[in-house]
Amino acid sequence: MSSEDAAAPGDPSGGADADEDHENALQDVIAVDPDDTERGTVNRLDAHTGDGIRHRAFTCLVYDTDDRILLAQRAPTKRLWDGHWDGTVASHPVDGQSQADATEQRLEEELGITPDQYGDLRVTDKFEYKRYYPNEGVEWEVCSVLKVTLDDTSLDPDEAEIGGMLWVDYEHLHENPSLYRQLRLCPWFEIAMRRDFS
């Protein structure tokens, strides 16, 4: 694992207005050390406010058979990185859940993608990063990267999760990220794309 992305400048006071009634306050995430060894569970809202708590997460990059990647825009109601573009879903496994099982669940919940549409879901990388979202909170995650190629690209997005969708030629995006800056990409996706381990 690389620690090159473990710290970045930001606003360490982010999350001062965190609402105890926020839906994230009702959920837990898995706290981990830098090697992704479990250190118990912590409240999800606590993990994403103040200076944060390092926890386990994943991002899944969804491709079609023409090597296009599906970018999904985070809904405007998201507390962190609302309106930013992800590639394609990102979340946290719950206690006792594998990264693959958590990914399958989120693919279906967010995009209506079911396991019969793919057969190659795989973990390709893992990295630690920390990024502040000004005045709102922080992501401090040991993030696994999973990739999957859809044989069937039928989608049924949940509007509460997904603001928009865009298929993009992955090689063009990877080689020319500056051309896509207006999309405001999520930091974890940019790191995963920059590292790009298959």
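Predicted model: local features only at pLDDT ≥ 70, side-chain atom pairs only at ≥ 80, totals over all residues.
Residues are numbered from 1 along each chain as its sequence is written, and side-chain values use heavy atoms, with hydrogens and water left out.

**The whole chain**

Start with a cartoon view. The protein has four helices and nine strands. Helices (H or I, at least four residues) and strands (E, at least two) are DSSP runs, numbered from the N terminus. Along the sequence they follow the pattern β-β-α-β-β-β-β-α-β-β-β-α-α. Of the 198 residues, 51% are buried. Buried means under 20% relative accessible area, exposed means over 50%, and partly exposed lies in between (1.4 Å probe, protein chains only). Among contacts (heavy atoms within 4.5 Å) with a separation of 6 or more, 69% are between residues 24 or more positions apart.

**Stop 1: a network of charges**

Select Asp-36, Glu-38, Arg-56 and Lys-126, which are linked in a network of salt bridges. A salt bridge is a side-chain nitrogen of Lys or Arg within 4 Å of a carboxyl oxygen of Asp or Glu. Side chains of opposite charge can pair when their charged atoms come close. By this rule the protein has twelve salt bridges.

Look at Asp-36 and Lys-126, whose side chains meet at 3.0 Å, N to O. This pair links distant parts of the chain, 90 residues apart: Asp-36 is in the loop between β1 (28–32) and β2 (38–43), and Lys-126 is in strand β7 (residues 122–133). Asp-36 is buried, at 11% relative accessible area, whereas Lys-126 is partly exposed, at 30%.

Next take Arg-56 and Glu-38, which also form a salt bridge of 3.0 Å, N to O. Arg-56 lies in strand β3 (residues 55–64) and Glu-38 in strand β2, so the bridge ties together parts 18 residues apart in sequence. Which of these two residues is buried and which is partly exposed? Arg-56 is buried, with a relative accessible area of 10%, and Glu-38 is partly exposed, with 41%.

For another salt bridge, select Arg-122 and Asp-120, where the closest N and O atoms are 3.1 Å apart. Arg-122 is partly exposed, at 35% relative accessible area, and Asp-120 is partly exposed as well, at 26%.

**Stop 2: Cys-143**

Select Cys-143, in strand β8 (residues 137–150). It is buried, with a relative accessible area of 1%. Which residues is Cys-143 in contact with, leaving aside its neighbours within four places in sequence? They are Ala-57, Phe-58, Thr-59, Asp-125, Lys-126, Phe-127 and Tyr-129.

**Stop 3: helix α4**

Colour residues 187–195, which form helix α4; seven of its nine residues are buried. Trp-188, Phe-189 and Met-193 are among them. Just after α4, Asp-196 takes a positive phi of about 50°.

**Stop 4: backbone angles**

Most residues other than glycine have a negative phi, and most peptide bonds are trans. Select Asp-67, which has a positive phi of about 60° although it is not a glycine. Asp-67 lies in the loop between β3 and β4 (68–74) and is partly exposed, at 41% relative accessibility.

Move to Arg-184, in the loop between α3 (170–175) and α4. Arg-184 is not a glycine either, yet has a positive phi of about 50°. It is partly exposed, with a relative accessible area of 43%.

Then find Gly-87 and Thr-88. They are joined by a cis peptide bond, with omega about 20°. Thr-88 lies in the loop between β5 (85–86) and β6 (89–91).

**Last stop: Glu-108**

Where is Glu-108 found? It is in helix α2 (residues 99–111). Glu-108 is partly exposed, with a relative accessible area of 42%.
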